[in-house]
Amino acid sequence: MPTEILMPALSPTMEEGKLAKWHVKVGDKISSGDVIAEIETDKATMEVEAVDEGVVSSLLVEEGTEGVKVNAPIAILQGEDEPKAKSNGGTTAPAPKPAAKTSAPPQMSAPQTATVREPTVAAGTPMVTITVREALREAMAEEMRRDPAVFLMGEEVGQYQGAYKISQGLLDEFGPKRVIDTPITEHGFAGLGVGAAFGGLRPIVEFMTWNFAMQAIDQIINSAGKTLYMSGGQMGCPIVFRGPNGAAARVAAQHSQNYASWYAHVPGLKVVAPYFAADAKGLLKAAIRDPNPVIFLENEIVYGRSFEVPKVDDLIVPIGKARVVQEGTDVTLVSYSVTMALVLQAAEALAKEGISAEVIDLRSLRPLDTATVVASVKKTNRIVTVEEGWPICGIASEIATQVIEQAFDYLDAPPARVTGKDVPMPYAANLEKLALPNVDEVIAAAKAVLYRS
Amino acid sequence: MAKAEAASRASSPAKTKSNKDELVRYYRDMLLIRRFEEKAGQLYGMGLIGGFCHLYIGQEAVVVGMQAAIGEGDQVITAYRDHGHMLACGMDPAGVMAELTGRSGGLSRGKGGSMHMFSREKNFFGGHGIVGAQVPLGTGLAFSNKYRGNDRVCLTYFGDGAANQGQVYESFNMAELWKLPVIYIIENNQYAMGTSVQRSSAETHLHKRGASFNIPGEQVDGMDVLAVKTAGDKAVKWCRDGNGPIILEMKTYRYRGHSMSDPAKYRTREEVDHVRETSDPIDHVRKLLLDAKFASEEELKEIDKDIRSVVNHAAEFAQTSPEPDPSELWTDIIH
């Protein structure tokens, strides 16, 4: 009985990849565990091992093919004449299938290339399309070239080239003195980084994800965030803590938390959470030069998305400034990070129904640019805040409070929130989808504040 | 009596040949800490110092001996029992005392308090209130020395209580892995708040705690400033020669409670008195000075008088310096 070999996913967020090399040819007999192919994504290279036994009867995808979708058949395996239906006797588990069958990514697909441009850049500036991943890498490389006190430290940032390939190539350029692989010891290396900053260096500390930084949160808040104040202004702590924040896909409760409001709560820290590549680059460069501790919240799902970035020598985006991504008159939609994609899609859908939405990307969460939000609400009189984090004490809660405090008389409807649901992130695909905010919820909330159905 | 090895001195202090000036300096420096802390305790009792106040009385030989072993540009970091370290680093006693009283003349302008003071000028990096948190920080300071390629070392102090914190071992691992010039000084005063080392630690010989990281450790009589200095000299050389970290376990004793509000039910008065009578670090140097005829009773009295005047001036300043201006509430949050 022929068995299809499917394109496997290397990570929960991988959607497609390159079939780099076949290690088998038609007619080869293979057994489970044999390396049959190599596949590549922009993040990683991995060998594909056979899980079934049989003879390769055809290769469906030529080596070197890019953009092979996850779960697409790549080869066909002809079983032995008689399938070996031997009884397992309860000791050997059947080999798992190569990849999950379903699990379409719960995120709505995002616009791959944004049409919006950074308004601070002069008209006519040439643009180049790069991924958020490349933008972050360029930011670090440029700042490391500029200042020898800047170094990168974290798990797998060096030889492995970055768990999410943000630091790819940096070890080659800057060497092991400045691109430092740490043991798995978040509390320790976060504190060590703070000490190095006290000692006059400018560390970039990468957390493989912010979920792991809970081990280090004492050093981030108590040592990095409070020392300037406690020292009467003597002891600054110029450090960037960065890494992916929030839900990736199908990684469940302990790997899916959004820490935006946790860190935005703390005086002494700056917190940024960009969506677009230009902001990722410009804000990271600003963060590295900032004399304060900066919490830089990235998003794994966004890493591979491409956007236009102005081709300028030194792109700096100031921390603490929101951006009106799209002007509108009827309702203000506010968001940050990955949920900007939902907001932009919702705005497009609303436009088709004659509703003009003003879209604001907060970009920075501390300081929070409430002036831009309040000015917009004074114009539209209605606001919906969208974020992936939990609703209780969230960024959306703060936005709502600020708007009520500063623009109460301008509001024609109570501020509305679209957030992640107030539950630990479930694993099951359908439940995860329910737990995350979606475009329909944003559209519904916008219509609700407009009293339209 | 659950005596916690209280009075037992660590094994044979290697006697350093010390000259008169050196011994007199140790005497002065230790006495300054002792009198300063006694005064702080007094001001606390008068309600002039708030919050927590952890006194260093009994442990003076540790910081004074270690400070004598380091040089210009070497760094010091410790936890919250930090007044002695600051005075040993040469920070202004009046500024320290005014910080204890929460005044604008304090070293953190009244915003840090007893546990949180710093001096860039004197390379003192705090003053940290979370048990063990200063250990990765000190390791990071050592990292910055190595990164810059200078030969400076960082003295990273912590107590027997902190020696059970996980981040200490995370730091040990990286320090040895990267051969960072850090001297981990465990001030084993034998009680983590009210819990003796025997009741908290599976391995009570804390200098052995680096063994699984290949970090050498040595137990030192922390009541003998000369033994401390000798061990400090060796450890500093070890670090400057590029050998990585080293651990010095200072067997010492605090005479006062963990903080001012300590009921001291976990040890007997006799235990404390016994240490004071047999092992006091200041009496020890005083005797050396007198026996060697390096100083007369009169000369020592003169030093006592000087010290009292410094401390009285500090206390005076700490009470007359104004409270911080209300506008200070909003400064120094971010640069």
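Over which residues of chain B does pLDDT stay under 50? The answer is residues 1–14 of chain B, for which the predicted model has 34 contacts beyond four places in sequence.

**View 1. Confidence across the predicted model.** The model scores ipTM 0.92 and pTM 0.87. Chain B averages a pLDDT of 93. In that chain, 95% of the residues score at least 70. Residues 1–14 of chain B are a stretch where pLDDT stays under 50.

**View 2. The contact between chains A and B.** Chain A puts 34 residues into the contact, and chain B puts in 30 residues. On the chain A side, α3, α4 and α5 each supply at least two residues. Of the elements on this side, α3(A) gives the most, with 10 residues. By class, the side of chain A that touches chain B has 13 nonpolar, 19 polar and 2 charged residues.

**View 3. Helix α4 of chain A and its buried residues.** The helix spans residues 217–225. Gln219(A), Ile220(A), Ser223(A), Ala224(A) and Gly225(A) are buried. These residues lie on the same side of α4(A), because they cover an arc of only 160° around the axis. Their packing partners come from both chains. In chain A they are α3 (186–198), α5 (227–230) and β13 (240–244). In chain B the partner is α5 (134–148). Helix α4(A) also supplies at least two residues to the side of chain A that touches chain B.

**View 4. The open sheet of chain A.** This sheet has 7 strands and mixed pairing. Their order is β11-β10-β12-β13-β15-β14-β20. The edge strands are β11 (179–181) and β20 (364–366), each of which pairs on one side only. From one strand to the next, the twist averages 20°.

**View 5. Strands β13 and β15 of chain A, with helix α7.** β13(A) pairs with β15(A) (residues 294–298) in the parallel sense, over 5 bridges. Gly243(A) stands opposite Leu297(A) in β15(A). Helix α7(A), residues 277–289, packs on the sheet. This helix touches β10 (150–154), β12 (202–206), β13, β14 (270–272) and β15 of chain A. The direction of α7(A) makes about 160° with that of β15(A).

**View 6. Strand β7 of chain B and its two neighbours.** β7(B), residues 246–251, is mostly covered: 6 of its 6 residues are buried. Ile246(B), Leu248(B) and Met250(B) point one way from the strand. Ile247(B), Glu249(B) and Lys251(B) point the other way. Strand β3(B), residues 182–188, pairs with β7(B) in the parallel sense over 6 bridges. In this pair, Ile185(B) stands opposite Leu248(B). Strand β6(B), residues 217–221, also runs parallel to β7(B), joined by 5 bridges. Here Val220(B) stands opposite Met250(B).

**View 7. The two sides of helix α10 in chain B.** The helix covers residues 281–291. Which of its residues are buried? They are Pro281(B), Ile282(B), His284(B), Val285(B) and Leu289(B). Why do they fall on the same side of α10(B)? They cover an arc of only 160° around the axis, which puts them there. On the other side, Lys287(B) and Asp291(B) are exposed. The buried residues pack against α1 (20–45), α2 (60–69), α8 (225–240) and α11 (297–320) of chain B. Lys293(B) follows the helix, and its phi is positive, near 55°.

Technical notes
Residues are numbered from 1 along each chain as its sequence is written. Chains are lettered from A and ligands numbered from 1 in the order in which they are written. This is a predicted model: local features need pLDDT of at least 70, side-chain atom pairs count only at pLDDT 80 or more; totals for chains, interfaces and linings use all residues. A residue is buried if 20 or more other C-beta atoms lie within 10 Å of its own, exposed if 12 or fewer, and partly exposed in between; C-beta atoms are placed from the backbone. Helices (H or I, at least four residues) and strands (E, at least two) are DSSP runs, numbered from the N terminus. The arc is that of the directions from the helix axis to the C-beta atoms. Two residues are in contact if their C-beta atoms, placed from the backbone, lie within 7 Å. Two strands pair if DSSP finds at least two bridges between them. Axes are lines fitted to C-alpha atoms, for helices over the stretch in contact, and angles run from 0 to 180 degrees between N-to-C directions. pLDDT is the predictor's confidence in each residue, from 0 to 100. Ala, Val, Leu, Ile, Met, Phe, Trp, Tyr, Cys and Pro count as nonpolar, Asp, Glu, Lys and Arg as charged, and the others, Gly among them, as polar.
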